Amino acid sequence: MKQILMTGVGAYLPETILTNDDLSKFVDTDDNWIRQRTGIISRRKANPEELTSDLAVKAANQALLSSGLNVLDIDCIIVATTTPDCTFPATATIVQEKLGALNAFAFDVQAVCAGFVYALSVANGLMSAGQGSNTLVIGAETFTKLLDWRDRSTCVLFGDGAGAVVLQAEKSEEGYGIIANTLHSDGRYKDILYVDGGVSSTGTIGHVKMQGRDVFKHAVEKLAAAMDEVLHISNLTSDDIDWLVPHQANIRIINAMQKKLNLPDEKVIKTVSHHANTSAASIPLALTSGVESGKIKSGHLLALEAIGGGLSWGASLVRYGRPV
Ligand code: COA
């Protein structure tokens, strides 16, 4: 039986940094409010000519280097994004062309901030069924292009970036690679976090709209339940987790999850302070930061969880790297 191993990670952040003080120059907010309520200090912003696929390609190249694979070895590319380059084709096919990954099939997954856990689960299913031996799963967003910069309740929360992982289907020791996934959606809550535009509705791109308090409440409750579920189906407990790598939306949501799982600070990757909420890119960005800083090592059990518009949410357990 083949395991779906996670053998490489990569990330890219656009160069332009927007601090809370920068924002307070054009919207009625201040550094103290943003830090206290969200933990965010700064975020990155893509330039107008910088596309989601450009960020994705940079993250993917780094993930390829980290895994040791050649781009022609890649046979599947999945891009999780809510901010595609264009309505069609899929951003994943644009990434394929820019990378020169000519042996891959490529498509996008749209589950907003839960996009990366959705894409990981889709990749796991395909690869377990024999479709794709070496898959690139990328979360990439230019989310700032969806923001109404006059709306202080949303514009301070988001940033741009991309992260990528390489998955390889290999005969390996049991308990390595992707161990469990759970995915959930509840469309009854579609109106608490959405974009007021679209191809078949307004014909415009629209802007992010959110009822922050409601989203916060659902996030804590639903992420905790999803994490319990993956631990239960894997016969593991929170004591087995080496690193919680959560979606980076708000430090208070992350801290609440940390508390529910009874994990010390030393076991949680927190990047929200300088990334803000990068939607589908947030988990692979945090993952890469954990690996590059030497915290996450081969053999560590990672707990990933995310929630976003839909509402859609999910969690995954992954034992990183390869057995030695
Ligand atoms: N700067 C200053 N004041 C702000 C502000 C800002 N950027 N945004 C909102 N406020 C004000 C509000 O207008 C309100 O003022 P009022 O009491 O005079 O009406 C006050 O701050 C409290 O607003 P509220 O929305 O109740 O704050 P909150 O404590 O719920 O924090 C969020 C707001 C958005 C930070 C918080 O609800 C949150 O993080 N929710 C989850 C969002 C999220 O993670 N979304 C993505 C999921 S993928």
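Which residue has a polar backbone atom 3.0 Å from a nitrogen atom of the ligand? I found that this is G212. I took a polar contact as a pair of N or O atoms within 3.5 Å; within protein, one atom must be able to donate a hydrogen and the other to accept it, and residues adjacent in sequence count only if both atoms are side-chain atoms.

**Model.** I am working from a predicted model, in which local features need pLDDT of at least 70 and side-chain atom pairs count only at pLDDT 80 or more, while totals for chains, interfaces and linings use all residues. Residues are numbered from 1 along each chain as its sequence is written, and side-chain values use heavy atoms, with hydrogens and water left out.

I looked up two side chains next. T29 places a polar side-chain atom 2.7 Å from a nitrogen atom of the ligand. In R37, a side-chain N or O atom lies 2.6 Å from an oxygen atom of the ligand. On its own the ligand has 970 Å² of accessible area, and the protein covers 74% of that; the areas come from the Shrake-Rupley method with a 1.4 Å probe, and for residues only the protein chains shown count as cover.

**Ligand shell.** I noted 23 residues around the ligand, of which T29, R37, R152, R213 and N250 come nearest; a residue is near if one of its heavy atoms lies within 4 Å. By class I recorded 10 nonpolar, eight polar and five charged residues. Here Ala, Val, Leu, Ile, Met, Phe, Trp, Tyr, Cys and Pro are nonpolar, Asp, Glu, Lys and Arg are charged, and the others, Gly among them, are polar. At least two shell residues come from each of α2 (31–38), α6 (152–155), α7 (212–233), α8 (251–260) and β12 (301–308). The largest share, four residues, is from α7. Helices (H or I, at least four residues) and strands (E, at least two) are DSSP runs, numbered from the N terminus.

**Domains.** I have domain 1 as 2–171 and domain 2 as 177–319, with bounds from an automatic or database domain assignment. Why does the ligand lie between them? Both domains give residues to its shell, so it lies between the two. I find their C-alpha centres 14 Å apart. Contact (heavy atoms within 4.5 Å) links 52 residues of domain 1 with 46 of domain 2. The area buried between the domains is about 3800 Å², with 66% from carbon and sulfur atoms; buried area is the accessible area (1.4 Å probe) that two parts lose on being put together, summed over both.

**Backbone.** The peptide bond from F88 to P89 is cis, with omega near 5°, and P89 sits in the loop between β4 (76–80) and α4 (91–99). V112 is not a glycine, yet has a positive phi of about 50°.
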